[in-house]
Amino acid sequence: MAIKHNQQLPHNHFRKDWQRRVRTHFDQPGKKASRRVARRAKAAAVAPRPVDKLRPIVRCPTIKYNRRVRAGRGFTLTELKAAGISRHYAPTVGISVDHRRQNLSEESLAANVERLKEYLSRLIVFPRKNGKVKNGDAAKDQQSAETVSKIAAAIPAPMISGFSEIAKSDVPKPIEGGAYVALRKARAEKRNQGKREKRARDAAEAEAAKK
């Protein structure tokens with residue numbers, strides 16, 4: 001806003017106690033150590049269970065990023081069913097479940113089902129009470145096997161590249177007239193196909209009627 005008349009100063013408030021409202025982050029080194037200690041305490045509390053859960057492999061959204069894969073929120077009900085796992089049993093053995101996600105391709109479904117089967121083949125279920133082994137619990141010789149603290153490190157996500165290199169000779173030749181013109185012609189041919197067929201049929205019938 002422009003100042004008018006005798007160039008008087010606007011009524012600004014420069015007397016706020018800003019030092020009382022400023023926020024500093026001088027505790028960053030200390031917080032880093034605190035988080036590390038908390039992670040260790042959590043891992044010791046839940047041992048021999050891992051601190052994380054098994055996540056599916058999904059594609060990033062939008063055309064810009066869908067060449068990349070990442071860990072998703074949870075496995076779909078279709079993937080669990082294909083792997084022979086109950087939706088209620090899966091969270092109890094460290095498998096994340098997302099009932100909202102849907103499978104849009106057979107490739108992602110097969111990859112995640114294979115991931116579940118690999119996890120089940122390496123899964124060791126300890127009995128809840130000593131000496132009371134239930135159906136599905138691991139045998140005593142398996143309970144002494146080496147365990148891991150992070151599933152993401154034991155079963156990493158596969159690296160899928162969205163690009164493939166080709167030779168210079170395999171590059172397709174440029175389209176005559178340009179790609180835009182070719183697309184417009186193909187669109188017009190598809191749109192007018194019925195009209196042209198009908199026109200040709202009427203012309204053939206008219207020729208047959210003259211004879």
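Modeller: The protein chain averages a pLDDT of 86, and 88% of the residues score at least 70, where pLDDT is the predictor's confidence in each residue, from 0 to 100. This is a predicted model, in which local features need pLDDT of at least 70 and side-chain atom pairs count only at pLDDT 80 or more, while totals for chains, interfaces and linings use all residues. Residues are numbered from 1 along each chain as its sequence is written, and side-chain values use heavy atoms, with hydrogens and water left out.

Colleague: Where is confidence lowest, and where is it highest?

Modeller: In the protein chain, helix H6 (residues 140–143) has the lowest confidence, at a mean of 60, whereas H4 has the highest, at 95. Where pLDDT is low, the predicted coordinates should not be read in detail.

Colleague: How many helices and strands are there in the protein chain?

Modeller: There are nine helices and two strands, counted as DSSP runs and numbered from the N terminus (helices are H or I with at least four residues, strands are E with at least two).

Colleague: Which residues have the most contacts inside the largest nonpolar core?

Modeller: That core has 15 residues, and those with the most contacts inside it include Leu-54, Phe-75, Ile-95 and Tyr-119. A nonpolar core is a set of buried Ala, Val, Leu, Ile, Met, Phe, Trp, Tyr and Cys residues joined through side-chain atoms within 4.5 Å, and buried means under 20% relative accessible area, exposed over 50%, and partly exposed in between (1.4 Å probe, protein chains only).

Colleague: And which elements give two or more residues to this core?

Modeller: They are helix H4 (77–83) and helix H5 (106–122), and H5 gives the most, with four residues.

Colleague: What is Ile-95 in contact with?

Modeller: Leaving aside its neighbours within four places in sequence, Ile-95 is in contact with Leu-54, Phe-75, Leu-80, Ile-85, Ala-90, Leu-116 and Tyr-119, where contact means heavy atoms within 4.5 Å.

Colleague: Back to H5, which of its residues are buried?

Modeller: The buried residues of H5 are Leu-109, Asn-112, Val-113, Arg-115, Leu-116 and Tyr-119. They cover an arc of only 155° around the axis, so they lie on the same side of H5; the arc is that of the directions from the helix axis to the C-beta atoms.

Colleague: What is exposed on the other side of H5?

Modeller: Glu-106, Glu-107, Glu-114 and Ser-121 are exposed there.

Colleague: What do the buried residues of H5 pack against?

Modeller: They pack against strand E1 (57–59), H4 and helix H7 (151–154).
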